[in-house]
Amino acid sequence: PPPEEPEVRPVRYSRVTAAGDVETETFSGVVQAELETDLSFKVNGNLIELPVALGDRLEPNALIGRLDPTDYRVQLQEAEAGLAQARAQERNAAASYERVRGLYENRNASRSDLDSARAAFESARASVSAAAQRLEAAELQLSYTRLRSPAACTVARLVAEVNQNVQAGQPIARVNCGDCPEIVVNVSEIYIDRIRDGMEASASVAAVGLRDVAGTVSEVGVATGPRGATYPVTITLGD
């Protein structure tokens with residue numbers, strides 16, 4: 001009879017290699033700007049101008065919104081008038097003091113008259129300083145009716161409309177600033193103790209065709225995030 005051919009059986013195998021001390025894990029995250037901030041006015045007023053739209057790119061110090069400045073201009077004019085009046089009183093008090101001092105040196109005025117004249121002059125001089133500070137405060141209040149971009153930013157959100165009465169500190173717009181974006185990922189408690197500041201990371205971003213972008217861990221959270229037993233980790237992208 002013909003010789004029997006040996007039976008070949010398939011074998012599943014894997015090659016064992018030294019992996020070293022490097023371990024790679026993958027997490028999902030959200031790309032955000034280096035600086036995200038809500039901008040608001042420092043004073044109350046009626047919003048009369050909002051020259052920006054969603055997605056606009058703003059230059060540094062670009063106008064974002066403007067309040068009705070009528071009331072603050074009136075306060076500024078009152079402060080200017082108060083300063084002019086205080087300076088006039090100071091000049092009058094200074095002239096009176098010089099006159100009384102001359103009389104005192106000629107022994108035609110008493111010591112109490114000299115002290116009273118000097119006190120009146122010093123009081124008038126202090127009134128000028130206070131009036132100047134009120135004028136400076138009024139100028140600041142008027143300047144606060146204009147809301148400007150703190151840097152080169154992009155308008156991410158608008159939460160106010162023209163003719164709306166807004167309060168000091170009420171958010172008007174959210175802007176994204178900075179050239180270096182960040183990624184915030186949620187890392188489970190199993191891996192959080194292995195992550196340190198300065199560790200290298202690689203991000204695959206769908207917006208740029210899933211191209212790997214090199215990054216560095218810049219912040220490691222110590223408190224759990226909104227998803228329970230996960231910790232926020234911030235990765236700063238280098239490109």
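Buried means under 20% relative accessible area, exposed over 50% and partly exposed in between, with a 1.4 Å probe and protein chains only. The model is predicted: local features need pLDDT of at least 70, side-chain atom pairs count only at pLDDT 80 or more, and totals for chains, interfaces and linings use all residues. Residues are numbered from 1 along each chain as its sequence is written, and side-chain values use heavy atoms, leaving out hydrogens and water.

**View 1. Leu 50 sits in a loop between strand 3 and strand 4.** Strand 3 spans 45-49 and strand 4 spans 57-58. Strands (E, at least two residues) and helices (H or I, at least four) are DSSP runs, numbered from the N terminus. Leu 50 has 17% relative accessibility, so Leu 50 counts as buried. Leu 50 touches Ile 64, Gly 65, Ala 160, Val 162 and Ile 172, not counting residues up to four places away in sequence. Contact here means heavy atoms within 4.5 Å. Leu 50 and Leu 158 are 108 residues apart in sequence, yet 9.6 Å apart in space, C-alpha to C-alpha.

**View 2. Strand 5 pairs with strand 3 and with strand 6.** Strand 5 covers residues 63-67, and five of its five residues are buried. Two strands pair if DSSP finds at least two bridges between them. Strand 3 and strand 5 run antiparallel, joined by two bridges. Here Glu 49 stands opposite Arg 66. Strand 6 (residues 146-148) pairs with strand 5 over three bridges, also antiparallel. Leu 63 faces Arg 148 across this pairing.

View 3. Strand 11 meets strand 12 (residues 211-220) over six antiparallel bridges. Ala 201 stands opposite Gly 215 in strand 12.

**View 4. Helix 1 packs against helix 2.** Axes are lines fitted to C-alpha atoms, for helices over the stretch in contact, and angles run from 0 to 180 degrees between N-to-C directions. Helix 1 and helix 2 are therefore roughly antiparallel to each other, a term for angles over 145 degrees.

Key
Angles under 35 degrees count as roughly parallel, over 145 as roughly antiparallel, 65 to 115 as roughly perpendicular and the rest as oblique.
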